[in-house]
Structures are given as C-alpha cells and as structure tokens.
Amino acid sequence: MKETIFEKVDHYLSEIFSLEDDILKDTESSIVENGMPEHSVSSNQGQFLYLLAKMCNAKNIIEIGTLGGYSSIWLGRAINGQGKVISIEIDKDFAEVAKRNIEKAGLTNTVEVKTGRALDVLNQIDLKGKSVDLFFMDADKPNYVAYFDWALKNARKGSLIIADNVIREGKVLDQNSTDEKVVGVRAYNQMLAKNNKVVSSVLQQVGIKDYDGIAISLVK
Ligand code: SAM
C-alpha cells in the first residue's frame with residue numbers, strides 16, 4: 001500500500017531523532033512474532049510521552065494497557081530509576097511478553113506489570129501516600145471517565161492525566177455512534193471540557209498510527 005505523507009514524515013522524524021534503539025525495535029518485533037495486535041504508540045508518540053513525563057518531573061506513573069511494553073519502556077526510561085511505572089494489562093500472555101521486553105530494557109526495577117482488569121487492579125493499588133504524577137490511559141475507552149476520576153483523586157497539583165485515541169479518525173464527531181469506543185471517548189472529551197479541576201488540550205495526531213488524538217490534562 002502507498003505510504004501517506006503523514007507516514008513518511010513520521011518515519012523521517014523517527015530517523016533524524018534516532019528515536020528507536022534495538023530494545024524498542026525488538027519490542028515491536030516481539031509483538032508481531034507473538035501475533036499480538038500492533039497497537040503500540042509510535043516512536044514519535046513514545047518520545048512525546050517521555051517528554052511529558054520529564055516536564056512534570058514524574059516519579060510515579062500509572063499506565064492502563066501494557067501490550068508488549070513499548071510505551072512502558074519509554075515511560076520507564078523517562079523516570080530513570082527515580083520512581084516507578086505501574087502498567088496494567090488484562091491479557092496474561094501479553095503481560096508475559098511485556099515483562100520479558102522490560103527485563104531486556106533493564107527496567108525490571110522501574111516498571112511493574114500488573115495483570116488484570118484495570119479498574120479492579122487500580123482499586124487494589126496502595127500508593128503509600130504518594131501521588132500519581134502521570135497517568136496514561138491507552139485501553140478500554142468505555143471506562144476512560146472512571147480512570148480519570150481515579151487518577152484525579154490520586155493526583156497532585158501539576159500531575160498530568162493523558163488519554164490516547166480520543167479522536168478515532170474523526171468518528172468522535174458522530175453523536176449517533178453506537179461504537180462503545182467512540183461513545184467512551186465522546187463522554188471523556190465532554191467531561192474534560194467541563195471539568196474545572198484540570199486544564200486540558202486535545203491534540204489531533206497523524207502519522208504511522210493513522211488519524212487520532214491525545215487528550216492532555218494538567219491538574220490545577
Ligand atoms: N500502551 C501500549 C503501548 O503503546 O505500547 C499499547 C496498549 S494497547 C493500545 C491496549 C492494551 O490494553 C491491550 O494489550 C489490551 O489487552 C489491554 N486492555 C484492554 N482492556 C483492558 C482493561 N480493561 N484493563 C487492562 N488492560 C486492558
């Protein structure tokens with residue numbers, strides 16, 4: 001299939017910034033080899049998450065949706081042994097692949113993969129009085145608002161709450177959609193727009209992951 005201009009530019013940026021080392025490339029290969037969905041963030045998006053984690057001086061990060069650990073590795077590298085990433089994955093086999101990739105990245109002490117349904121796992125997490133500095137949701141769109149509520153309760157002033165895939169190739173415009181993912185992100189965007197405890201911006205994104213978007217909220 002012909003590469004679009006957005007895909008070409010994504011590759012160009014990834015190349016000139018040398019965004020992917022062998023660990024990240026091998027992580028992507030492991031996802032293909034194990035027949036898992038190729039739904040990791042792109043290298044440019046990984047670098048963006050890394051930057052956001054650095055910008056809010058994140059020490060404690062929670063991620064919903066691990067898959068093969070690609071974004072977890074980016075986030076783990078951002079905190080550089082100075083904190084912890086807890087990443088939650090519902091699929092036991094995917095979690096095992098992710099753990100192997102995280103180990104190869106030398107991040108076993110930084111990134112912990114917990115297996116289970118994210119809402120259940122979140123409610124069992126003991127933060128030991130610490131706040132969550134960055135919360136990244138990348139799975140289970142129907143529960144995005146519930147994840148946000150949990151994140152806000154456990155955040156500090158200046159924490160970031162980030163939600164991926166909130167544009168869905170523009171399907172977010174369809175108020176009659178019965179697609180639960182679209183309904184979920186529409187409810188999320190609507191909630192963010194009215195929530196005065198955070199200041200939010202939704203960025204449309206294009207690239208090798210097609211047309212989608214990411215919502216970034218800063219806790220006031
Ligand atoms: N963040 C990953 C990355 O960029 O490398 C990609 C995550 S992928 C888009 C979504 C993952 O979430 C899948 O592996 C899926 O099995 C998992 N998932 C789906 N529903 C879930 C739930 N309710 N709780 C935890 N994980 C879930």
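## The second largest pocket

Strand 1 (60–64), strand 2 and strand 3 (111–115) each supply at least two residues to the lining of the second largest pocket. Strands here are DSSP runs of E, at least two residues long, and helices are runs of H or I, at least four long, all numbered from the N terminus. A pocket is an open set of points on a 1 Å grid over the protein atoms alone, where a 1.4 Å probe fits, with protein on both sides within 12 Å along at least five of seven lines; lining residues have an atom within 4 Å of a point. Strand 1 gives the most, with 3 residues.

This is a predicted model: local features need pLDDT of at least 70, side-chain atom pairs count only at pLDDT 80 or more, and totals for chains, interfaces and linings use all residues. Residues are numbered from 1 along each chain as its sequence is written, and side-chain values use heavy atoms, with hydrogens and water left out.

## The largest pocket

The ligand takes up the space of the largest pocket. A molecule sits in a pocket if more than half of its atoms lie within 2 Å of the grid points. The lining has 43 residues, with H39, D138, A139, K141 and N165 nearest the centre.

## Around the ligand

There are 20 residues around the ligand; V41, G65, S71, E89 and D138 come nearest. To be near, a residue needs a heavy atom within 4 Å.

Ligand nitrogen atoms lie 2.8 Å from a backbone N or O atom of G65 and 3.1 Å from one of I90.

Notes: A polar contact is a pair of N or O atoms within 3.5 Å; within protein, one must be able to donate a hydrogen and the other to accept it, and residues adjacent in sequence count only if both atoms are side-chain atoms.
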